[in-house]
Amino acid sequence: MLLVRRLVAGDLDIFREIRLRALMDTPENYGSIAEAERAQSDEEWLARLVGDAWFAAFDDGRPVGLVAGRARDGSWILYSMWVAPEARSRGLGTKLMGEVRSAAEADGAREVWLHVAEDNDRARRLYLKLGFIASGDLEPMPNDVTRRRERLYLPVTGGSSK
């Protein structure tokens with residue numbers, strides 16, 4: 001059974017496990033590396049967990065997906081989206097993105113935005129299918145300046161200038 005829920009402080013071990021798994025699976029798509037995050041203290045992991053809105057997908061209790069959202073200047077940034085290889089093509093990316101969008105709407109955000117690697121066709125197709133709009137703004141990837149990423153944005157309904 002698939003379930004998506006927001007992680008809380010008591011989920012620290014789950015959060016660490018799935019975040020490290022994502023970093024090891026597709027390190028080229030993140031601005032961090034597993035070795036650096038593995039070395040962080042419990043306090044650093046906990047501060048990160050409670051500082052943003054982290055959502056995880058579970059398949060029969062096993063974590064298989066992760067995404068985060070953060071309020072920034074009247075908008076929300078979506079980042080760290082990942083679905084385990086064995087759980088892909090089951091709609092979890094859509095469900096995870098929906099949780100961030102709902103949190104952004106509840107917060108009164110005008111839009112949700114993200115960066116996607118120019119060569120990450122699978123993620124790009126998903127975001128465009130979900131209504132994100134390509135901005136055309138390209139910049140180097142944080143960990144590999146030979147690759148570029150593009151900013152995509154999704155207007156959300158009922159946004160205010162909170």
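Strand 2 (residues 53-59) has seven of its seven residues buried, so the rest of the structure largely encloses it. Buried here means under 20% relative accessible area, with exposed over 50% and partly exposed in between (1.4 Å probe, protein chains only). Strands are DSSP E runs of at least two residues and helices are H or I runs of at least four, numbered from the N terminus.

A word on the model: it is predicted, so local features need pLDDT of at least 70 and side-chain atom pairs count only at pLDDT 80 or more, while totals for chains, interfaces and linings use all residues. Residues are numbered from 1 along each chain as its sequence is written, and side-chain values use heavy atoms, leaving out hydrogens and water.

How confident is the predictor? On pLDDT, its per-residue confidence from 0 to 100, the protein chain averages 89, and 92% of the residues score at least 70.

| Strand paired with strand 2 | Sense | Bridges |
|---|---|---|
| Strand 1 (residues 2-6) | antiparallel | five bridges |
| Strand 3 (residues 62-72) | antiparallel | seven bridges |

Looking at individual positions, Arg-6 sits opposite Phe-55 of strand 2, and Trp-54 has Ala-68 of strand 3 as its bridge partner. The hairpin of strands 2 and 3 leaves two residues between the strands, and Asp-60 there adopts a positive phi near 50°.

Val-67 belongs to strand 3 and counts as buried, at 0% relative accessibility. Beyond its neighbours within four places in sequence, its contacts (heavy atoms within 4.5 Å) include Ala-53, Trp-54 and Phe-55, along with Leu-78 and Val-100.

Which of its 46 residues touch the most other members? They are Leu-78, Tyr-127 and Phe-132. Strand 4 (residues 75-83) supplies the largest share of this core, seven residues.

Technical notes. Core = buried A, V, L, I, M, F, W, Y, C linked by side-chain atoms within 4.5 Å. Pairing = 2+ DSSP bridges. pLDDT = per-residue confidence, 0-100.
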